[in-house]
Structure formats: C-alpha cells, structure tokens
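Q: Could you walk me through how to read this model, please? I would like to begin with the strands and then turn to the helices.

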Amino acid sequence: MSGFARDTKYYGDRLVYEPLESKWAGYHARHCGCGQDWITAHVVPAGFTVIPRGKSGYYGLVGPGLTEGVDESVLTTNALWEAVTGKPGTQTWYESVNVTCRSPEAEAARKAENERIYGPRRERAEKAKNELATAAQLKYLATLTEKVGKERFDAEFAEAVKGTGIEPRAPRERTATASKRLTKAVARKLISALVGA
Ligand SMILES: [Zn+2]
C-alpha cells in the first residue's frame with residue numbers, strides 16, 4: 001500500500017512516503033511516457049531520496065514538499081506527482097501517517113499476534129506432512145500394484161520417496177508393507193504416478 005509512514009526500525013525518526021511501485025510506475029507511464037525508470041529519471045533528480053526498507057525491496061521516499069517542510073496534518077503526494085508526471089498535483093484530500101511502533105512491548109505483541117494466527121496453521125501443515133497413508137490410500141495402492149506389477153511399483157515408489165527420508169522397498173519387503181511406511185502426501189504422489197502409468 002502506498003502511504004505516509006513512520007517506522008523507526010527502517011527510517012529512524014523520519015517521516016517517509018512508501019509508494020506502491022505498480023501504482024506509481026503506472027502513473028508515470030500514463031502521464032510522462034518517457035520509458036525510463038520513474039525513480040531514477042524523475043524522483044531522484046527532483047531531490048527525493050530513496051531509503052530501502054531493509055532487504056525487502058520496498059522503500060520509503062523523503063524529500064521537499066513530500067515529507068520535508070510539510071505540515072503533517074495536510075499531507076498529500078502532490079510534490080511527488082509533479083516530479084513523476086510533470087503536471088501539478090491536484091490531491092485535495094489529506095493522508096494520515098501509518099506509524100509502526102517498535103517498542104519492545106509492541107514488538108512482542110506483534111509477534112504474539114502473528115503466532116496466534118499462523119501458529120496453528122503451521123502446526124497443521126507440519127502434522128499433515130508426517131501423517132501416514134490412509135487405509136483408503138493403501139487399499140487403492142494395492143489395487144494399482146496388482147494392475148501395474150511389482151517392477152513398475154518399485155520404480156514409481158523409489159521416485160516418489162526421493163528426498164523424503166523414506167527408504168525404497170527392500171528386496172523381500174511386501175509392497176503392502178512398504179506402502180504402510182509412506183506418508184499421506186507421498187502416497188498421494190505415488191498413486192497419481194501409478195494411475196498415469
Ligand atoms: Zn518519465
């Protein structure tokens with residue numbers, strides 16, 4: 001999202017404007033059309049400075065009329081608009097500042113919230129990865145093995161378990177026994193390979 005922001009972690013105590021790349025590149029293409037990169041061709045020459053947001057690829061802009069020498073209660077992107085499009089900005093509504101609070105308490109709260117939302121999801125995904133093949137999958141695999149033969153089964157089995165830590169079928173191991181060692185996900189992979197065989 002484009003917007004004015006404060007985030008001490010990345011920008012110190014500076015007010016910045018974080019432009020949405022696609023949006024501003026679009027404005028530039030429509031209104032200027034010089035074909036150059038809008039930042040290097042217009043923004044930097046106009047006196048704005050690009051401040052990277054860590055290694056994320058995002059960044060904030062600071063500069064005169066945008067974040068410097070401005071009344072924060074009447075923030076607009078008019079200065080940037082003029083630099084990028086070559087036309088005077090006409091934004092008459094004012095933007096607020098998105099403040100990211102970096103106090104230890106705020107950071108801890110953010111982490112806890114993230115854990116609350118994504119923790120269970122991560123756990124479910126982890127569990128699904130280790131879940132063993134279902135009875136229905138094993139039954140279907142037995143039917144398919146019958147149909148395609150042991151050799152084909154072995155070849156596809158070895159292919160399916162590659163990189164999973166599951167061993168290929170041992171010489172005297174029954175195909176049904178070997179199948180029981182499969183996880184649900186690998187069993188699914190093996191089934192589709194055998195169905196397509
Ligand atoms: Zn241009």
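Q: Which way do β1 and strand β5 run, and how many bridges join them?
A: Happy to start there. In this predicted model, β1 and β5 (residues 97-100) run parallel and are joined by four bridges. To find one of them, look at F4, whose bridge partner in β5 is V97.

Q: In what sense do β1 and β2 pair?
A: Strand β1 (residues 3-7) pairs with β2 (residues 16-18) in the antiparallel sense, over three bridges.

Q: Now the helices: how are two packed helices described?
A: The general idea is to give the angle between their axes and the distance between the axes. Here, helix α6 (residues 135-148) and helix α9 (residues 184-195) pack at about 30 degrees, and their axes are 10 Å apart. Angles under 35 degrees count as roughly parallel, so α6 is roughly parallel to α9. Their crossing is left-handed.

Q: Which residues make that contact?
A: From α6 come Q137, Y140, L141, L144 and V148, while α9 brings K184, A187, L190, I191, L194 and V195. By class, the residues of this contact are nine nonpolar, one polar and one charged.

Q: Finally, what radius of gyration does the chain have?
A: The chain has 29 Å, whereas a compact globule of 197 residues would have a value near 16 Å. Along its principal axes, the C-alpha trace spans about 80 × 45 × 25 Å. The chain holds nine helices and five strands.

Definitions and conventions
Residues are numbered from 1 along each chain as its sequence is written. This is a predicted model: local features need pLDDT of at least 70, side-chain atom pairs count only at pLDDT 80 or more; totals for chains, interfaces and linings use all residues. Axes are lines fitted to C-alpha atoms, for helices over the stretch in contact, and angles run from 0 to 180 degrees between N-to-C directions. Helices (H or I, at least four residues) and strands (E, at least two) are DSSP runs, numbered from the N terminus. Angles under 35 degrees count as roughly parallel, over 145 as roughly antiparallel, 65 to 115 as roughly perpendicular and the rest as oblique. A crossing is left-handed if the near helix is turned anticlockwise from the far one by less than a right angle, and right-handed if clockwise. Two residues are in contact if their C-beta atoms, placed from the backbone, lie within 7 Å. Ala, Val, Leu, Ile, Met, Phe, Trp, Tyr, Cys and Pro count as nonpolar, Asp, Glu, Lys and Arg as charged, and the others, Gly among them, as polar. Two strands pair if DSSP finds at least two bridges between them. The radius of gyration is taken over C-alpha atoms; the globule rule is 2.2 Å times the number of residues to the power 0.38.
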